[in-house]
Amino acid sequence: MPLPRSIFVLTGAGISAESGVETFRDTNGPWSKVRLEDVATPEAFRRDPDGVQAFYNARREGLRRVSANPAHEALAKLERAFAGTLTLVTQNIDDLHERGGSSAVIHMHGELKKAICAACGFRRAQDGDIRVEEACPACSRTGTMRPDVVWFGEMPHHLDAIFERLEAADLFVSIGTSGAVYPAAGFVAHAKNAGIRTLELNLEPSDGSWQFDEARHGTASRLVPAFVD
Ligand code: BJW
């Protein structure tokens, strides 16, 4: 098999699991007690802004207690050492790829450490809590600042660039994602249709596992460094 010249990597919650960030669809995590639709939709934010802000403020605070793991670090090493083109797209809203040393990360579902005004689109870095009643520094409306994350029914970020990079790749690698959420869950089919080789690295077979040319199952902290080396 020839060495790839262009690699497209998609990551999901599983790559941050061993850092202590809960995945979404594990049976025992906090997500088994909160329905995603009750916090991760624009409707939920309109209905219960205090509850949604408190939920994301707590998760942002939780990022202080975690750090990057060997899987994040291995992808940073790949970015430094690979002679070809590497595209790293993550569905994760944490900043563990950056803390692991990656410098060019595409966050398709947004970032917990950014806030956006729902009214005017003003964006800013966000370290501490977003307060429900605060005013947007750009348009002065109150109650519109929200986490800069992509909720169900919203358009993921950077999709044009993502599909362009995917189609230009000769290897698609999916790491730590259940394949339950679109459009990311459709990347494997898109890659296959374009004749691109596909590889899954996940704890268990994902929903779309059968579509991959090759699937390796185990922890990201073991599989990703082995893949990079
Ligand atoms: C390990 C491990 C270890 C554990 N090592 N592995 C019907 C059909 C098709 C689509 C739809 C439909 N109905 C509705 C839709 C659209 C909807 C959707 O997909 N819904 C599904 C539920 C069906 N999608 C959307 O609304 C998206 N927008 C959209 O479609 O716009 C329109 C559009 C039109 C045309 C083109 C393009 C777009 C937006 C989706 C936004 C998702 N947002 C969330 C929340 C973000 C904010 C937050 O964090 O609170 O994003 S939902 C949540 O799921 C989060 C994640 O990024 C996303 C994916 O989860 P992920 O990363 O896969 O995590 P898990 O937990 O599911 O899986 C972890 C995996 O790791 C597991 O397999 C474990 O085994 C494994 N693992 N430990 C390796 N140590």
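Biologist: Which residues does His-109 contact, leaving aside its neighbours within four places in sequence?
Modeller: His-109 is in contact with Gln-91, Ile-93, Val-149, Val-150 and Pro-156, when neighbours within four places in sequence are left aside. Two residues are in contact if their C-beta atoms, placed from the backbone, lie within 7 Å. Please note that this is a predicted model: local features need pLDDT of at least 70, side-chain atom pairs count only at pLDDT 80 or more, and totals for chains, interfaces and linings use all residues. Residues are numbered from 1 along each chain as its sequence is written.

Biologist: Is His-109 buried or exposed?
Modeller: His-109 is buried, because 21 other C-beta atoms lie within 10 Å. A residue is buried if 20 or more other C-beta atoms lie within 10 Å of its own, exposed if 12 or fewer, and partly exposed in between, with C-beta atoms placed from the backbone.

Biologist: Where is His-109 found, and what UniProt annotation covers it?
Modeller: His-109 is found in the loop between strand S3 (105-107) and S4. Helices (H or I, at least four residues) and strands (E, at least two) are DSSP runs, numbered from the N terminus. In UniProt, an unreviewed entry gives His-109 the annotation "active site". UniProt positions are given in the numbering used here, feature names are shortened, and annotations may be inferred rather than shown by experiment.

Biologist: What about Glu-111: where is its place, and what does it touch?
Modeller: Glu-111 has its place in strand S4, residues 110-117. Not counting residues up to four places away in sequence, Glu-111 touches Ile-93, Asp-95 and Asp-148. Glu-111 is buried, because 24 other C-beta atoms lie within 10 Å.

Biologist: Changing topic, which residues does the "binding site" annotation cover?
Modeller: The unreviewed UniProt entry places the "binding site" annotation on Cys-117, Cys-120, Cys-136 and Cys-139. These residues are spread over 23 residues of sequence, yet they cluster in space, with a largest C-alpha distance of 8.6 Å.

Biologist: What are the contacts of Cys-120, and where is Cys-120 found?
Modeller: Cys-120 is found in the loop between S4 and strand S5 (123-125). Leaving aside neighbours within four places in sequence, Cys-120 is in contact with Cys-136, Ala-138 and Cys-139. Cys-120 is partly exposed, because 13 other C-beta atoms lie within 10 Å.

Biologist: And Cys-136: buried or exposed?
Modeller: Cys-136 is buried, because it has 20 other C-beta atoms within 10 Å. Its place is in the loop between S5 and strand S6 (145-149). Beyond four places in sequence, the contacts of Cys-136 include Cys-117, Cys-120 and Met-145.

Biologist: Ser-140 next, please. What is its phi?
Modeller: The phi of Ser-140 is near 70°, a positive value in a residue other than glycine. Most residues other than glycine have a negative phi, and most peptide bonds are trans. Ser-140 lies in the loop between S5 and S6 and counts as exposed, because it has 11 C-beta neighbours inside 10 Å.

Biologist: What is the peptide bond from Tyr-182 to Pro-183?
Modeller: The bond from Tyr-182 to Pro-183 is cis, with omega near 5°. Pro-183 is in the loop between strand S7 (171-175) and helix H8 (187-193).

Biologist: Now the whole chain. How is the protein divided into domains?
Modeller: The protein is divided into domain 1 (1-20 + 68-109 + 156-229) and domain 2 (22-65 + 112-149). The domain bounds come from an automatic or database domain assignment. The contact takes 9 residues from domain 1 and 7 residues from domain 2. The C-alpha centres of the two domains lie 25 Å apart.

Biologist: How many helices and strands does the protein have, and why is it called as compact as a globular protein of that length?
Modeller: The protein has 9 helices and 9 strands. Its radius of gyration is 18 Å, close to the 17 Å that the globule rule gives for 229 residues, so the protein is as compact as a globular protein of that length. The radius is taken over C-alpha atoms, and the rule is 2.2 Å times the number of residues to the power 0.38.
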